[in-house]
Structures are given as C-alpha cells and as structure tokens.
Amino acid sequence: MGNIRRLCVYCGSSDAVDRQYRDAASELGACLASSGIGLVYGGGRVGLMGLLADAALAGGGAVTGIIPLRLRDAELAHSGISELLVVDGMHERKRVMAEKADAFAILPGGIGTLDETFEIVSWKQLGLHRKPILLVDIAGYWKPLLRVFDHLVAEGFARPQVPGLLQVVPTVAALMAALAVAPPPSPDMHPELL
Ligand code: AMP
C-alpha cells in the first residue's frame, strides 16, 4: 500500500455535465475503495460529488464528508456516508478538509471547485502545507486553467515554480499511479496561519 491514506477530492456539484466527467467521478470512487484510500470530500449528494461518494461506498470504502450547517439543512448532504462532519461555515470546512487529507485531487468542477483549488495551491505557495495536489485533466477540461497559470508566470505575477505546485494527470488511472508513488505525508499543516 502507498503512503496516501486519505485523499481530499474537489469536484463539481452539477449533474448537467457530460458523461465522461461523471464516469471519471464514479471511476475514482471505485478506485479509492479498492486501493483502501479513504475519501474526504465536501459531503454533498449532488453532481460528481454524489457519484464519487456513491461509488466509493459501493466498493466498501471509507467516506468522510465535511459540510456547513446551511448546506446540510438545505438537504444537500449525502445521508449514507461513513462520517459526516457538520461545520459552521465554508472557511472551517475547507480547513478541516485540508487537514484530514494526505493529498488533494481536483476533478472537473465549477466555481466552488476553483475556489478550493486556488486556496489549496495558495496555501502551498505560502508553505502552509506540502501535500501533493493533483489536477485530473479529464478530456482536457482544465487546459484553460493551465493557460491562466502560464499567463500569471509570463506576466510576472506568479513565480515560475508556481505551476509546479500541482501535478497534472490526464486520467483517473494516472492519478492512482501517482498516488501509489507519492512520498510519505509531511508534518502537519500550520493551522495557526490559516
Ligand atoms: P462547484 O464546483 O461550484 O459545483 O462546487 C463544488 C465544490 O464546492 C465541491 O468540491 C464542494 O466541496 C463544494 N460544494 C458546492 N456545492 C456543494 C453542495 N451542494 N454540497 C456540498 N458541497 C458543495
């Protein structure tokens, strides 16, 4: 077994997306369960999030969801997962998700996923954690985002090392292969700085 015991996954909450994205979420859930890697995610039952959690649970995997009270009360929480942590708000939620995981994977998603992605990369840039961040570029979905990173560097707003803070993998299989060889988790984050 590799060094990654729990993977935090950021992904879309929309159901109105192409089948290849939905299939990737289901594939990842099944792979995590069969690899014995616990899933940490936003706790929702909708969109790719729901498919991911359902597939992990169907394979006998451990699933931890972290959801703000308001989203839970809007009945957007997944009711069948192994552990649902209810927190006060979005900031606490993102901190708890990040603390509980040894690595992060980003599947296709929208504004919420981008918010989580930028935050976890920005925390890494500041040295608040050293955990692997893997961008899963299903069907080239993230190509425009990668161009934005290159643009930031070209215009001098980001250091050349910044794009290297995340590793781009093209498929779920490539993600699992990267997780299998990831180094042991580094010491804890620095919560006093968050
Ligand atoms: P989006 O990419 O805008 O669909 O937002 C998805 C991301 O934001 C997920 O990774 C979640 O952590 C969070 N999120 C957004 N909507 C929900 C929801 N209804 N339930 C739980 N988490 C959500």
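I began at β4, where I found Leu 85 as the bridge partner of Ile 66; β4 runs parallel to strand β3 (residues 63–68), and 5 bridges join the two. Strands here are DSSP E runs of at least two residues, helices are H or I runs of at least four, both numbered from the N terminus, and two strands pair if DSSP finds at least two bridges between them.

I note that this is a predicted model, in which local features need pLDDT of at least 70 and side-chain atom pairs count only at pLDDT 80 or more, while totals for chains, interfaces and linings use all residues. Residues are numbered from 1 along each chain as its sequence is written, and side-chain values use heavy atoms, with hydrogens and water left out.

Phe 104 stands opposite Cys 8, and Ala 105 stands opposite Leu 134 in β6.

Last, I checked Arg 93 in helix α4 (residues 90–100), which is buried yet has no salt bridge, the nearest side chain of opposite charge being Glu 116, 4.3 Å away. A salt bridge needs a side-chain nitrogen of Lys or Arg within 4 Å of a carboxyl oxygen of Asp or Glu.

Terms used
Buried < 20%, exposed > 50% of the residue type's maximum accessible area, 1.4 Å probe, protein only. Lys, Arg positive; Asp, Glu negative; His and termini not counted.
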